[in-house]
Amino acid sequence: MKRIDPREQEPQDPRAVIGFYHVDLAYKDQTALQNISFTASNGEFLCLTGPSGAGKSSILRLIAMDAFPTKGQVIIRGMLASKMNRRKVPLLRREIGYVFQDFRLLDDRSVYDNVAFAQLVVGVKSADIKMNVMRVLTQVGLWNKRHRLPRQLSGGEQQRAAIARAMVNSPKILLADEPTGNLDPVNAQETIDLLFRINDSGTCVVFSTHDQQIVKAFGERVIVMNDGRIASDIKRKTMVDRTANLTDRMYQPGELINA
Amino acid sequence: MLKGAQVRYLMKESFAGFHRRKLTTGVTILIMGSSLLVLAVLTLATLNLDHLLAKARSSIDMRVFLLESLDPGQVAELQPRLLVIPGVKEVKFISSETALHEFRTSLGQDAGVLDFLETNPLPASYHIQFTAGARNLDSVRQIRDEIAAWPEVAEIIFNQGWVDALEGWSARFRMANLITGLIVFIAVVFVISNTVKLTMAASSRLIQIQKLVGATNGFIRLPFLCEGMLQGVLAGGLAMGLVAVASSFMQNRLSGMIFFSVEQIAGFIMFCMVLGLLGSWSAMRKYLTLQSEL
Ligand SMILES: Nc1ncnc2c1ncn2[C@@H]1O[C@H](COP(=O)(O)OP(=O)(O)OP(=O)(O)O)[C@@H](O)[C@H]1O
Ligand SMILES: [Mg+2]
């Protein structure tokens, strides 16, 4: 007799762009995530935090369908990971921007070409590529440095170039895996300001960090991970003042509620 | 469908692999070129042998010498009987006088020796030519056996040794060609597969980022397929070029030697292109799946 796993019976939020329902993930025999459940809706700004090895990157990887759950369900923009045709994954990736701690730019081509690359791969027309690249490079303030190679940029500028590349296909979801990990506080703040601006245009942003100062200053909804599990999922009662300075943005007492 | 910008990108990427590792690629093409050269030389030799064989076959004919004791009526009656044998195209009577006359002309200055003869020693004969379909050893032997049984016939001569030897060699060359072709096939696919693997390893960042921004596997593969194809074509072209140069030197010594036709050259290059494709395809089958992680 085939038993129905009660986990699969759970109601699923249809508005969620990202839905995790009792998800386990194991790499070979190493367990990385256990019983992860949360949803995120359009325009949400989600902050993942927790110690090293807690499973932050694993969650982002599941969202990008670079990994698939061992148990439970992951639904991204209505696509069910367990039923996903692996050939269709590239199509999902076109709706997801992804930035990393180590920028991952192609170091043999200019900032412009790095950003244009994302459009080229997707098959955008040449004329449109020019327009879109110009738009995002202006947004991240790198239009006048477009001819430079990545190594001729500062770390913060490289991260902005990577964000421009992630934005250029107008993604519905932006994933940022410790985007500020290699940056000093000033550049970190610039990067987060950019993420906020992308979020303002309706993109759901999920970013991971283990920097507690950043969490305290910018966290609107914070999921704390520990040892592969969600330790807490907390939302701020009041909106964060996104225009304020890093040092001004500490939590006020009594500001937190359970999400 | 690919957009203009994508085609430009693919062209650039395919050549970039060459450009980045000029030495490796150069050496690879030299190695493949030389193994393809062996194949091309053997193929050319087979081709020439076949050409010679065809020539020898077309010159197959038969002389049927008749008993001296036959009277002219009996001799004349043989002609229609010969003509109805399947495979026989033409029958020409050569009387003993004509034979002697021909012999005399062939001797030229030395013809004087014939004046000492009291009787004509040359028998009358029929010269038989065959239809194109019958110009092979089996049919000719069959016809010979049939005629040899006739009581009027003294002796039958035809140039079988020449065709025999050629047929043997042609079969041997064909076999050698096949075996070499197989070895070269495997070797070239292997070498191309290895260089493409190297390119892919060197481009792992590029592949990773392509996956990151949503490139399909097909798109990621294209430049590598093009690179393998290009290597195959270049190696094939090199081999062809060398054979062409060598055979133009040989043609001065060996008159009647033939070279590949344009279609055959195109076919050979196509074959090399397919080898290149197969090589890069086999390289990718393993590599791309291993590299699935972002
Ligand atoms: N490719 C992999 N193969 C095997 N185990 C892995 C792999 N990637 C991650 N893990 C394991 O999964 C667990 C969660 O890893 P993950 O990278 O998600 O943590 P993280 O929270 O992002 O850590 P960090 O802050 O150091 O980046 C860890 O125990 C890690 O060792
Ligand atoms: Mg991580």
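This is a predicted model: local features need pLDDT of at least 70, side-chain atom pairs count only at pLDDT 80 or more; totals for chains, interfaces and linings use all residues.
## Burial in the two chains

Of the 294 residues in chain B, 40% count as buried, where buried means under 20% relative accessible area, exposed means over 50% and partly exposed lies in between (1.4 Å probe, protein chains only). In chain A, buried residues make up 53% of the 259 residues.

Residues are numbered from 1 along each chain as its sequence is written, chains are lettered from A and ligands numbered from 1 in the order in which they are written, and side-chain values use heavy atoms, with hydrogens and water left out.

## The build of chain B

Chain B has nine helices and four strands; helices (H or I, at least four residues) and strands (E, at least two) are DSSP runs, numbered from the N terminus. Starting at the N terminus, its elements follow the order α-α-β-α-β-α-β-α-β-α-α-α-α. The radius of gyration of chain B is 32 Å, well over the 19 Å that the globule rule gives for 294 residues, so the chain is more spread out than a compact globule. That radius is taken over C-alpha atoms, and the globule rule is 2.2 Å times the number of residues to the power 0.38. If you follow the C-alpha trace of chain B along its principal axes, it spans about 100 × 40 × 30 Å.

Which contacts does chain B make along its sequence? Among contacts between residues at least 6 apart in sequence, 82% join residues at least 24 apart, a contact being heavy atoms within 4.5 Å. The accessible surface of chain B comes to about 15900 Å², and 65% of this belongs to carbon and sulfur atoms. Accessible areas come from the Shrake-Rupley method with a 1.4 Å probe, and for residues only the protein chains shown count as cover.

Let us visit Ser96(B), which is found in helix H4 (residues 96-107) of chain B. Is Ser96(B) buried or exposed? At 16% relative accessibility, Ser96(B) counts as buried. Its side chain makes a polar contact with the side chain of Glu97(B), at 3.4 Å. A polar contact is a pair of N or O atoms within 3.5 Å; within protein, one must be able to donate a hydrogen and the other to accept it, and residues adjacent in sequence count only if both atoms are side-chain atoms. Leaving aside residues up to four places away in sequence, Ser96(B) touches Asn120(B), Leu122(B), Pro123(B) and Ala124(B).

The other stop is Met250(B), in helix H8 (residues 217-253) of chain B. Met250(B) has 40% relative accessibility and counts as partly exposed. The C-alpha atoms of Met250(B) and Val64(B) are separated by 40 Å, and these residues are 186 residues apart along the chain.

## The build of chain A

Chain A has seven helices and 11 strands. Of its contacts with a separation of 6 or more, 67% are between residues 24 or more positions apart. Chain A exposes about 12300 Å², and carbon and sulfur atoms supply 48% of that.

Two loop residues deserve a look. Met65(A) sits in the loop between H1 and strand S4 (71-76) of chain A. Although Met65(A) is not a glycine, it has a positive phi of about 55°, and it is buried, with a relative accessible area of 2%. Phe103(A) lies in the loop between strand S6 (96-100) and helix H3 (111-122) of chain A. Its phi is near 65°, a positive value in a residue other than glycine, and at 11% relative accessibility Phe103(A) counts as buried.

## Around ligand 1

How many residues surround ligand 1? There are 14, and the closest are Ser52(A), Gly53(A), Lys56(A), Ser57(A) and Ser58(A); a residue is near a molecule or strand if one of its heavy atoms lies within 4 Å of it. Strand S2 (30-41) and helix H1 (56-63) of chain A each supply at least two residues of this shell, and H1(A) gives the most, with four residues. The shell divides into four nonpolar, seven polar and three charged residues. Here Ala, Val, Leu, Ile, Met, Phe, Trp, Tyr, Cys and Pro count as nonpolar, Asp, Glu, Lys and Arg as charged, and the others, Gly among them, as polar.

A polar side-chain atom of Glu178(A) lies 3.2 Å from an oxygen atom of the ligand. Taken alone, ligand 1 exposes 620 Å², and the protein buries 68% of that.
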